[in-house]
Amino acid sequence: MSRVPLHDTPILGMATRPPVSETTKYGAGTSFWIEYPSGLIDLSRSNDTALSGSTQECPQPSPEQLDIPVEHNRTIRVDRKSSAIVIIDMQNFFLHPDLRTHPTGLTCVDPILKLLPVARERGLRILWVNWGLTDHELKTLPPSLIRGFLKPGRGGFGAELPGGFGRLLMRGALNSELYGPLQEEFVKGEKLGTDIWIHKNRMSGLWGYQNALDLYLKENGITTLFFGGVNADQCVLGTFVDAYYRGYDCILLKDATATTSPEGGYANVVYNAGNSYGFVTTTDAIV
């Protein structure tokens, strides 16, 4: 039987933490959260008058804010204009039945389609973060990445795929387009000015100095990110963790996220998203 350390100091493990006994402020300056004894965590960075150490009740949300329930009996408060839905790699290459067997990925399509109109109406940006390589980038990819996408004797980044799907994960190719109705949904959102397409050239959409996604988020004052897409334990996780490292608020939409990995891959992502990196919720909590 394991013994609790004499000087046990809890770190992480958010799922088992009781609510705070007094109002608690995390961070400083313009980057901070406020957690209240009620279980609400204000991520909006707007209520800098909250008194840390007090038992004051949390104020009601302003019209610019949304309260969203998350797992482990907490609610997060976000600022609409500072929040975005980040959908990763829901592309034909990963989802189209002629190219891939990904039944769990396909089950994410309907929750995403249901979420997007509501998210737009509520003022959240929609960011589609996808593989989209250039010929120049093909010359700069590391060997470990090239090997992972190259099957013996066929395939590889930039290779021509059968069935008219174009070159593998190259910009403008059919296999790089969003799967089925998601492509139409992006086009609709692009016309509305709510949806943005961001190319990436690594598993993480936030890899590298001054990458396109980070620059867009910084330029538009976006600090809170809701993640969905495939694969949960690869490109979604890579981007999620890099966002956490860079100081963004990270929330996993678990019904909009899937993977082809064996049992345990998806569960590990959900566990650490809620216990270490941020929060876990579902699309239904937003709509």
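Student: What share of the accessible surface of the protein chain belongs to carbon and sulfur atoms?
Tutor: The accessible surface of the protein chain comes to about 14200 Å². This is a predicted model, and the area is computed from it. The share of that surface belonging to carbon and sulfur atoms is 55%.

Student: How many helices and strands does the protein chain have, and what is its radius of gyration?
Tutor: The protein chain has 9 helices and 15 strands. For 287 residues the globule rule gives 19 Å, and the chain comes close to this, so it is as compact as a globular protein of that length. Its radius of gyration is 20 Å.

Student: Where does His-102 lie, and is it buried or exposed?
Tutor: His-102 sits in the loop between α1 (92-95) and α2 (103-106). Its relative accessible area is 3%. Buried means under 20%, so His-102 is buried.

Student: Which residue has a backbone nitrogen that the side chain of His-102 reaches?
Tutor: Neighbours within four places in sequence set aside, His-102 is in contact with residues including Phe-94, Val-230 and Thr-259. The backbone nitrogen that its side chain reaches, at 2.9 Å, belongs to Gly-105.

Key
Residues numbered from 1 in each chain as written. Predicted model: local features only at pLDDT ≥ 70, side-chain atom pairs only at ≥ 80, totals over all residues. Heavy atoms only, no water. Helix = DSSP H or I, 4+ residues; strand = E, 2+ residues; numbered from the N terminus. Buried < 20%, exposed > 50% of the residue type's maximum accessible area, 1.4 Å probe, protein only. Polar contact = N/O pair within 3.5 Å; in protein donor to acceptor, adjacent residues only side chain to side chain. Contact = heavy atoms within 4.5 Å. Rg over C-alpha atoms; globule rule 2.2 N^0.38 Å. Areas by Shrake-Rupley, 256 points an atom, 1.4 Å probe, with all protein chains shown as cover.
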